[in-house]
Amino acid sequence: MSAASRKEGVVTAEADRAPPRGVRSQPTSSSQAPASNFLRAIIAEDNRTGKYGGRVVTRFPPEPNGYLHYGHAKSIILNFGLAAENHGQCHLRYDDTNPVKEDVEFEDAIAESVRWLGYDWGALRYHASDYYDRLYEFAEWFIGQGLAYVDSSTPEEMRALRGTLTEAGQPSVYRNRGVAENLDLFRRMKAGEFPDGAHVLRLKIDLASPNINMRDPTIYRIRHASHHRTGDKWCIYPLYDYTHCISDALERITHSICTLEFQDHRPLYDWVLARLAQGAQLERPLPQQYEFARLNLTYVMLSKRKLIALVEEGHVDGWDDPRMPTLVGARRRGFTPEGFRIFAERIGVSKADSWIDMSVLEDCMRDDLNARAPRRIAVLDPIRLVIDNYPEGQSELCFAPNHPQRPDWDKRALPFTRELWIERDDYQENPPKGYFRLAPGAEVRLRYAYIVKCVGAETDAVGNVTTVHCTYDPATRSGTAGADARKVKGNIHWLSAAHAMRAEVRLYDRLFAVPFPGSRNPTGARIESSGTEAAGLRATVVAGDDEDSDNDVEHAERDWRNDLNPESKRTLTAYVEAALTKVAPEVSVQFERHGYFVSDLKGHAPGNPVFNRTVTLKDSWAQR
């Protein structure tokens, strides 16, 4: 692990406290300059030419109909980060144009996830619904200019007239309605005179355009549904393509950053804003949309539809299940904001599709946690070890570093007694070649304590080992001159049976057992793994607008449910250091020899310790 990879984040010197979760307006600084990408180059050129007068204003525009996922983390870091780098602003704007699916619960969860990642929008929190009145006024303006019309065709008729990629669209019989009739119908739509689906409002652009998005797109539909913010004021709602660009302009956004699937929508974005600006309805300079490739991450699904199925069908324990690729799940898993920022910088930004192996994200979390997590001991599969020649009733303190690379974090005391807990796989009756732990006649060092020699073992009625017996060499205590007098190859961890505390430990792993659940490599794009040099990685990210589309890359070839990993969660009753029962939720630690763990955000409490595995010490999937 390189020193450079550990520079992200701040290490807490208080071993049993969670790192402070104060709100930050920009990422933790690093002595290493961030890598350049095409978006940074565009903004630098705009600042050089004074295109926006030195302003840089971005936005993160999620739809409040679900929980954010890993891809959103990249978009949040990108949008807030680009603004912060240029002393600009990033708005949080909810795209709340679909009253049927949206809820304030999702808004609150989104805001909390953005704050958890370390960003704050201050007073710059907006909703598309803030602009419903203006959007309606602009729609009437388009009608008055002869640039929009009410279409009373059925959905089937509209699809039939839309054309194909090689054939132009055909005009609806309603396309040439006059301005007065269109205004009358549109106002009556707003007044609630018509049922859902009776009419839509369409822009009049170009039915022969090779870009289907320009073939008279629909911008308003009738939907008799209460909105979680506006109530029953509206029964017509604007569509995303129309709302998004105008919202950007009204907020004076400079750089509107979307994922690559919106590239074909950019001509419509530009057309709407240009017409309104030409009609003195909007102020110039206008925002510019830029696109980049979305996040394609192996071993997960980011499709909102499939995530809903995972939850509703009971494959996971809710949206915040640590196996879910949601940010609320990542937080309970013990993933860190700093780890996500390392990930975002390491994979970069690109316009080309590629796949990022899950090991890259896991390595970023290891790099961050290696620097910040205090070391602790947990015995996950315990058997008893009795030191036959250690005096009964006696105890002493051994001392272990809180962090091997941080001597300023000092040491902690571990009680040592005659009876200890050790890992079951640290003893074998008939060990294979190269096994250097406990076996009949073998010697090992009990880490931070003494060298012991195995003299026997007890078993139960079916032959399972229940107790290992050893003798110890009093002259070999760690930290004394005698410790260096004798060398043994084996080194195992332990806890005093009299002092260790029981804890629930959940061993989480990847939710899916294959890289592409339900399919082969869907795009044929290369996979970037943790073995690739960071400087050479070019990755994919997802913006806030990630509604499932016809171009969803997760093409199904088999039922993804058959690819679920049956070993993705195992719950153990373990023994841990007594101090761990008193830590607060969300404290990350390294269980020595096992991996990185976090005290559970929801289940952990004093006297009821619950720890979730964040990631193993090494990539256990590389050789699978």
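Here is a short walk through the structure, with something to select at each stop.

Before you click, note that this is a predicted model, where local features need pLDDT of at least 70, side-chain atom pairs count only at pLDDT 80 or more, and totals for chains, interfaces and linings use all residues. Residues are numbered from 1 along each chain as its sequence is written, and side-chain values use heavy atoms, with hydrogens and water left out.

**Stop one: the main core.** Select F142, F186, Y220, Y242 and V272, the residues with the most contacts inside the largest nonpolar core, which has 40 residues. Such a core is a set of buried Ala, Val, Leu, Ile, Met, Phe, Trp, Tyr and Cys residues joined through side-chain atoms within 4.5 Å; buried means under 20% relative accessible area, with a 1.4 Å probe and protein chains only. Now colour α4 (132–144), one of the elements giving two or more residues to this core; α4 gives the most, with 8 residues.

Zoom in on Y242. Leaving aside neighbours within four places in sequence, Y242 is in contact with L135, F138, A139, F142, I219, Y220 and V272, contact being heavy atoms within 4.5 Å.

**Stop two: another core.** Pick I77, W116, L295 and L361, which are among the 38 residues of a second, separate core.

C235 counts as buried because its relative accessibility is 8%, and C245 counts as buried at 0%.

**Last stop: a helix pair.** Y70, A73, K74 and I77 in α2 meet F340, R341 and A344 in α11.

Conventions
Helix = DSSP H or I, 4+ residues; strand = E, 2+ residues; numbered from the N terminus. Buried < 20%, exposed > 50% of the residue type's maximum accessible area, 1.4 Å probe, protein only.
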